[in-house]
Amino acid sequence: GKLPDGSASVEASVALVRGLFGYSGIRNMVAAARHAEKLESTEQTSPRASLTRLALGMSLYYSGESSAAKQPLEEALRLTRVDQPVLRITILCTLSFVATDQGHLEEAESHAREARAVVDRSGLEWIPQSSAVPLALGLALAERGKVTEAENELEGGLSARRQFPYLSPWPTLVGLLALAPVRAARRDRDG
């Protein structure tokens, strides 16, 4: 039966956590997210609906399926209320990663800047989840050729994530992979 937090079951909750964090690898992350989606309520009014869509979209993105990731992430954003800033930040950052991957760089930067605005409006600069914002923005800026600004954002996000080693490793990896060519480009420019 339903748990006090609104979960369909313990099994659904475990699958959702595995689908969101991916500590046992990407393949397992995708499988867990799909399993959570099957177990959780499909009602769009359920507070868990946006979480299950986020888990699926995020896991698909990290598995290299950017085009498949976009729809569940857009659904998650649509289902997320304004009074859920942490969830909005995470969804917007992942949508930014997806848009960058697909070459929609203005959209990617827009999502990242919207996530930053949510952080600023809500006073959430200090929470671990906000560390994904400079990674998303830095990735978008790097792809737009704004290497100095990109390097600053990426380094800031990675520095913040080092303070929270228990966070999901996948956004950190995205940031590290984006930073390497940025630093190489800066070296080429700076001589």
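Predicted model: local features only at pLDDT ≥ 70, side-chain atom pairs only at ≥ 80, totals over all residues.

Student: What percentage of the residues count as buried?

Tutor: Buried here means under 20% relative accessible area, and 50% of the 191 residues of the protein chain fall into that class.

Student: How many positive and negative side chains are there, and how far apart do the centres of the two sets lie?

Tutor: The protein chain carries 22 positive and 23 negative side chains, and the centres of these two sets are 2 Å apart.

Student: Which secondary structure elements does the protein chain have, and in what pattern?

Tutor: There are nine helices and zero strands, so that, by the DSSP runs, the pattern along the sequence reads α-α-α-α-α-α-α-α-α. The radius of gyration is 17 Å, close to the 16 Å given by the globule rule for 191 residues, and the chain is therefore as compact as a globular protein of that length. Along the principal axes, the C-alpha atoms fill a box of roughly 65 × 35 × 30 Å.

Student: What share of the contacts between residues at least 6 apart in sequence join residues at least 24 apart?

Tutor: Of those contacts in the protein chain, 59% join residues at least 24 apart.

Student: Now to the rings: what describes a pair of aromatic rings?

Tutor: A pair is described by the distance between the ring centres together with the angle between the planes. In this structure, with centres required to lie within 6.5 Å, the count comes to four aromatic pairs. One of them joins Y61 and Y62, whose centres are 5.2 Å apart and whose planes make an angle of 65 degrees; because an angle over 60 degrees counts as edge-to-face, this pair is edge-to-face.

Student: Are Y61 and Y62 buried or exposed?

Tutor: Y61 is buried, with a relative accessible area of 9%, and Y62 also counts as buried, at 14% relative accessibility. Another edge-to-face pair is formed by F164 and Y166, at 6.1 Å centre to centre and 75 degrees between the planes. In that pair F164 counts as buried, at 19% relative accessibility, whereas Y166, at 51%, counts as exposed.

Student: Which residue forms one aromatic cluster with Y61 and Y62?

Tutor: That residue is F97, which forms one aromatic cluster together with Y61 and Y62.

Notes:
Residues numbered from 1 in each chain as written. Heavy atoms only, no water. Helix = DSSP H or I, 4+ residues; strand = E, 2+ residues; numbered from the N terminus. Rg over C-alpha atoms; globule rule 2.2 N^0.38 Å. Buried < 20%, exposed > 50% of the residue type's maximum accessible area, 1.4 Å probe, protein only. Contact = heavy atoms within 4.5 Å. Lys, Arg positive; Asp, Glu negative; His and termini not counted. Charge placed at Lys NZ, Arg CZ, Asp CG, Glu CD. Phe/Tyr/Trp six-rings, centres within 6.5 Å; stacked < 30°, edge-to-face > 60°.
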